[in-house]
Amino acid sequence: MRLSKYSTIVFDCDGVLIDANEPKVKAFVQAMPEGVEESQRTLFAQTMSRNFGKSRQWLLDTFAEICPGHASAENIAALLARYSSLVSKGYLEWSITEGCEEFLASAANKQELHVASGSNQDELRRVFEQRGLSKYFKSILGGPTPKHENLKSILENAPAPALFVGDSMIDYESAQKSGGFDFVFYLPYSIDRENVTRFAQHNNIPMINSFSELQQ
């Protein structure tokens, strides 16, 4: 896929820049209160995987729907605190995706680069700074602002045309809702790869399996 026609490239974070998809699902399940049944944990993990990229509030609301007997205000607050702690620690340990840094170092000299993620914005900015990734990006945007609104915000100031690189249906839907973006699915770390691949093939949406396929 040729990048030379794009002036702006926007990246999702989890599953595109950092291998965080499966670790995040495991972290949320681990953070659940004692007494949650194994069947409920499994159902939640499946639901989170199919909807990866949605906000933490959505995760908490979904937990309350699946595990109503464990959804007291006290349990929800403790769950969020445990999950946030696990994710904060994990982001400093989880692998940066293969070929990512080399690609960013090259592309940053040719295009304007941004991050638009469903993850907490303050946390993302802190992690990117600590892991030496901030220098590649003009902006790093995340939750609680919805992803499609962050994409719209980028479009207001960034040069066109623009490409969004994502790994989930939420990423694609956010790009469509924001308007103005071409889109490519990045598949190697996608937690919903089978469904994403089937959807992309049916709708003729580009897919890549490595950053080397994004050629200048």
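Predicted model: local features only at pLDDT ≥ 70, side-chain atom pairs only at ≥ 80, totals over all residues.

Trainee: Which residues touch the most other members of the largest nonpolar core?

Mentor: Phe11, Leu17, Phe28, Leu104, Phe128 and Phe137, out of 52 residues in that core. A nonpolar core here is a set of buried Ala, Val, Leu, Ile, Met, Phe, Trp, Tyr and Cys residues joined through side-chain atoms within 4.5 Å. Buried means under 20% relative accessible area, exposed over 50%, partly exposed in between, with a 1.4 Å probe and protein chains only.

Trainee: And what is Phe137 in contact with, leaving aside neighbours within four places in sequence?

Mentor: Phe11, Leu17, Leu104, Leu113, His114, Val115 and Phe128. Contact means heavy atoms within 4.5 Å. There is also a second, separate core of 18 residues, including Leu141 and Ile154.

Trainee: Switching to helices. At what angle do α2 and α3 pack?

Mentor: About 145°, with the axes 10 Å apart; α3 is residues 56-66. Helices (H or I, at least four residues) and strands (E, at least two) are DSSP runs, numbered from the N terminus. Axes are lines fitted to C-alpha atoms, for helices over the stretch in contact, and angles run from 0 to 180 degrees between N-to-C directions.

Trainee: Where does Thr47 sit?

Mentor: In helix α2, residues 38-50. Thr47 counts as buried because its relative accessible area is 12%. Not counting residues up to four places away in sequence, Thr47 touches Trp58, Thr62 and Ile66.

Trainee: Which residues of α1 meet α4?

Mentor: Lys24, Ala27, Phe28, Gln30 and Ala31; on the α4 side are Leu79, Arg82, Tyr83, Leu86, Val87 and Tyr91. Helices α1 (residues 21-31) and α4 (residues 73-91) pack at about 145°, axes 8 Å apart.

Trainee: Last topic, how many aromatic pairs?

Mentor: The count is 16. Rings of Phe, Tyr and Trp (its six-membered ring) pair if their centres lie within 6.5 Å; planes under 30 degrees apart count as stacked, over 60 as edge-to-face and the rest as tilted. Tyr172 and Phe183 are edge-to-face, at 5.4 Å centre to centre and 80° between the planes. Tyr172 is in helix α8 (residues 169-178) and Phe183 in strand β5 (residues 181-186), 11 residues apart.

Trainee: Are those two buried or exposed?

Mentor: Both Tyr172 and Phe183 are buried.

Conventions
Residues numbered from 1 in each chain as written. Heavy atoms only, no water.
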